[in-house]
Amino acid sequence: VQLQASGGGLVQAGDSLRLSCAASGRTFSNYLMAWFRQAPGKERDVVAAITSGGTSTYADSVKGRFTISRDNAKNTVYLQISSLKPEDTGVYYCAANRWAVIDVNAMDYWGKGTLVTVSS
């Protein structure tokens, strides 16, 4: 699976943004898809994930503001972000796991990140 993330940019606090991750290669629909965020100087942490069946899960810090979704027909996963905060700044990576495991050290495939910068 090859993953390509896009949609990042420089935004102001309170704005909304939608990130996309296009997948190619193996059967996308069989994979759990996740978005990770790496803030400057910090570790890469999961912010949202969605199973092949469409069940989503979120980090506590983003619940209510982030929405993950997938379109299997388009081989694409999305991350809708609303009410952006400066602390949301970071590089956002999409990743895939065939066995529904959500762990930064266990993901099978990674895309190159897309940078989101939120100004106050």
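**Notes on the predicted model**

1. In this predicted model, Arg37 and Asp88 are joined by a salt bridge in which the closest N and O atoms lie 2.9 Å apart. The pair links distant parts of the chain, since Arg37 belongs to strand S4 whereas Asp88 sits in the loop between S8 and S9, 51 residues away. Arg37 has a relative accessibility of 13% and therefore counts as buried, the limit being under 20%, and Asp88, with a relative accessible area of 1%, is buried as well.

2. Asp88 also meets the side chain of Arg65 in a salt bridge, with an N to O distance of 2.7 Å. Because Arg65 lies in the loop between S6 and S7 and Asp88 in the loop between S8 and S9, this pair ties together parts that are 23 residues apart in sequence. Arg65 is buried, with a relative accessible area of 11%, and salt bridges with shared partners join Arg37, Arg65 and Asp88 into one network.

3. How many salt bridges does the structure hold? There are 3, and one of them is formed by the side chains of Asp60 and Lys63, at 3.1 Å from N to O. Both Asp60 and Lys63 are exposed, in contrast to Arg37, Arg65 and Asp88, which are buried.

4. If neighbours within four places in sequence are left aside, Ser82 is in contact with Asp15, Ser16, Gly64 and Arg65. The C-alpha atoms of Ser82 and Ser16 are 4.2 Å apart, although 66 residues separate the two in sequence. With a relative accessible area of 24%, Ser82 is partly exposed.

5. Four strands make up an open sheet with antiparallel pairing, in the order S1-S3-S8-S7. Its edges are strand S1 (2–6) and strand S7 (66–71), each of which pairs on one side only, and neighbouring strands are turned against each other by 15 degrees on average, direction ignored. Between S1 and strand S3 (residues 17–24) there are 5 bridges in the antiparallel sense, and Ala5 stands opposite Cys21 in S3.

6. S4 and S5 run antiparallel and are joined by 6 bridges, with Gln38 standing opposite Arg44 in S5. Their hairpin has 5 residues between the strands, and Gly41 takes a positive phi near 75 degrees there. S5 also pairs with strand S6 (residues 56–58), over 3 bridges in the antiparallel sense, and Ala48 has Tyr58 in S6 as its bridge partner. The hairpin of S5 and S6 likewise has 5 residues between its strands, and Gly54 in the turn has a positive phi of about 100 degrees.

7. The largest nonpolar core has 27 residues, and those with the most contacts inside it are Leu3, Leu19, Met33, Trp35, Val77, Leu79 and Tyr92. At least two residues of this core are supplied by each of S1, S3, strand S4 (32–38), strand S5 (44–50), S7, strand S8 (76–81), strand S9 (90–97) and strand S11 (114–119). S3 gives the largest share, 4 residues. A second, separate core has 7 residues, among them Ala34, Ala49, Ala95 and Met107.

Terms used. Residues are numbered from 1 along each chain as its sequence is written. This is a predicted model: local features need pLDDT of at least 70, side-chain atom pairs count only at pLDDT 80 or more; totals for chains, interfaces and linings use all residues. Side-chain values use heavy atoms; hydrogens and water are left out. Two strands pair if DSSP finds at least two bridges between them. Axes are lines fitted to C-alpha atoms, for helices over the stretch in contact, and angles run from 0 to 180 degrees between N-to-C directions. A nonpolar core is a set of buried Ala, Val, Leu, Ile, Met, Phe, Trp, Tyr and Cys residues joined through side-chain atoms within 4.5 Å. Buried means under 20% relative accessible area, exposed over 50%, partly exposed in between (1.4 Å probe, protein chains only). Contact means heavy atoms within 4.5 Å. A salt bridge is a side-chain nitrogen of Lys or Arg within 4 Å of a carboxyl oxygen of Asp or Glu.
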